[in-house]
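Subject: Structure handover

Hello,

Here is the structure I promised to pass on. Please open it first, then read my notes below.

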Amino acid sequence: MNILQANNISKAYSEKILFEGISLSISQGQKVALIARNGTGKTTLLNILAGTDQPDEGECSYKNDLRMAYLPQEPVFDPDITVSMALLSADNEQTRTIRAYEELVGDEEAAVDPVKQQKLQSLTAQMDALQAWDYEQRIKQVLSTLKIDNLRAKTGTLSGGQLKRLALAKILIEDAEFILLDEPTNHLDVDMIEWLENYLSRQKMTLLVVTHDRYFLDAVCNEIIELENGRLYTYRGNYAYYLEKKQERLAAEAAQSDRAANLLKKETEWMRRTPQARTTKSKARIEGYHTLKEKAQKETEGEAGDIKINMARLGKKILELKEVSKTYDDLRVVDDFSYVFKKGERTGIVGPNGTGKSTLLKIITGQLQPDSGEVITGETIRFGFYRQEGLKVDDNKKVIEVITDIAENIRLDKDTWMSAPQFLQYFNFPYHMHHNRVGKLSGGEKRRLYLLTVLINNPNFLILDEPTNDLDIHTLNLLEDFLTRFPGCLIIVSHDRYFLDRLTEHLFVFRSPGDIKDFPGNYTDFRKKQKQLEEEKKAAAPKTAKPAPARKREKTKLSYKEQKEFDALEKEIEKLEEEKAGLLEKMNAGRLPADELLKASTRFEELEQILDSKTNRWLELSEWI
């Protein structure tokens, strides 16, 4: 059953036509990825489908009473409301009750104020009647995973990344039938992304997502729609299938384009030879000539070659860090870290936000001085540092001015130079965009321009801090091809697992502030090893659960009764652990009815208490084995 039908929709801004007369339908249960190059209108199309923008022509129709939720690329909240109010803003009795309950629980006076205590009892009864406890439990799970912990903070105090995570959490707890997501993985660390893709792939929902994360796309979506040259192309399969079928389509179009070019050449000769007086037949041929010319021009528009930038010479001495440390207030984010970089080394950096990744990069590039230790940089090293914050230029500056302020001519290799306009064209900025103001560019176009300003200086040691945010898949493929051939040193901080797997040889894993480990392998290798260690730790849990309590009496061995108790405890603990794991799997699957979920949650808490008691007793007895 179709839940959305868009018919012949068109949209243009001034003279720029984004798309014209396109149609699509989305059926219940479909999980669709929408991909396109930056600036071609994918966010505009998503806004139209979500109902926050209107097409110039055409219309969108929806299933009756459709519950729809939309995550925009840059969410906006009232800066004066709290995180809790923003999350529970849906106007229904369940969310109103939970909101009132959470606010009262967080009120310190409620413990001593009889009126507030009575109100809390009343709200607790309402929560029972509405079966709102499982809903609240799901809210807490989502908030915990997305690291939203201060529910009383004003949204106006949050960063852009925190606002994006808040908006995502709000959508996930609203239980909508149809969810539209614009770049949901931006501002999430890798653990959050993996949790989100598992969550979305398990849920029975209809999904339309704009994403550049190819592993996320494969894990969640079963269909890909590409917006290209104002037209939609549908691929019913994963990312690998899309690449294969798109290549076939492009090959067919190239053959057709060659035929059109040959025909255009003949028609041009005819146009030059034919006298001005035209017959009706020749006039029709003239109209066909202009149509053919327009088609040939359109099919070649936007094509660009590989990225090739000249690199400064790299000497034998690269970079060495000797026992480097850095502390902010009482938090040591880098602790006695040492490493010697080799020529051509490719390093990935992964870890939760706030563990010191950006601090280490700033120390390496000399933007930040360590509190102790030494950074020794080779004489020939020329850093190119792409910062997560993006391009910092006046929005009124023209695109061409951003480049000419750095260089009028750019050296691509030993014998090849390009002018600034040629270089922009080469990097997928067509001539008609060169005099556009920076403020008019899309988020992805700004990042692509910023990347260009980094590469133009011919670095031999590239440091890329979250380079994939807002870049389209086409640009990512171009960038990956360039970095694959880049002979210099490379450090990449990214949550894009595909990007890391393709380009890195080893990882600096930031486990917590100050705790950095070097892992030999790419991200997929690291996750496999991490899961293996987690399984081993889980299997050994009863033996290492807790330290033994202090002895209460002197003794040398177990009595017969205690030995029987010890043997029985081992079997009981094993069975209880199996029951606990089974309950956790059912609760996380999201398929239990509300009443069964409440029972499972209650039983889970009971099991934890029983296991604690029995494990402590087992450890006490094991002292005398």
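Start with a charge over a ring. The charged end of Arg448 sits over the ring of Phe429, 4.5 Å from the ring centre. Arg249 lies over the face of Tyr233, and here the distance to the ring centre is 3.7 Å. Keep in mind that this is a predicted model.

Next, the aromatic pairs. The count comes to 15. One of them joins Phe337 and Phe508. This pair is edge-to-face, with 5.3 Å centre to centre and 85° between the planes. Phe337 lies in strand E11 (residues 331–341) and Phe508 in strand E19 (residues 506–512), so the pair ties together parts that are 171 residues apart in sequence.

Last, a helix pair. Helix H3 (residues 93–105) packs against helix H4 (residues 114–130) at an angle of about 145°. Their axes are 10 Å apart. The crossing of H3 and H4 is left-handed. On the H3 side, the contact residues include Ile98, Tyr101 and Leu104. On the H4 side, Leu120, Leu123 and Met127 are among them. What classes of residue make up the contact of H3 with H4? There are nine nonpolar, four polar and three charged residues.

Best wishes

Definitions and conventions. Residues numbered from 1 in each chain as written. Predicted model: local features only at pLDDT ≥ 70, side-chain atom pairs only at ≥ 80, totals over all residues. Heavy atoms only, no water. Phe/Tyr/Trp six-rings, centres within 6.5 Å; stacked < 30°, edge-to-face > 60°. Helix = DSSP H or I, 4+ residues; strand = E, 2+ residues; numbered from the N terminus. Lys NZ or Arg CZ within 6 Å of the ring centre and 35° of its normal. Axes fitted to C-alpha atoms, helices over the stretch in contact; angles between N-to-C directions. Left-handed = near helix turned anticlockwise from the far one by under 90°. Contact = heavy atoms within 4.5 Å. Nonpolar A, V, L, I, M, F, W, Y, C, P; charged D, E, K, R; others polar.
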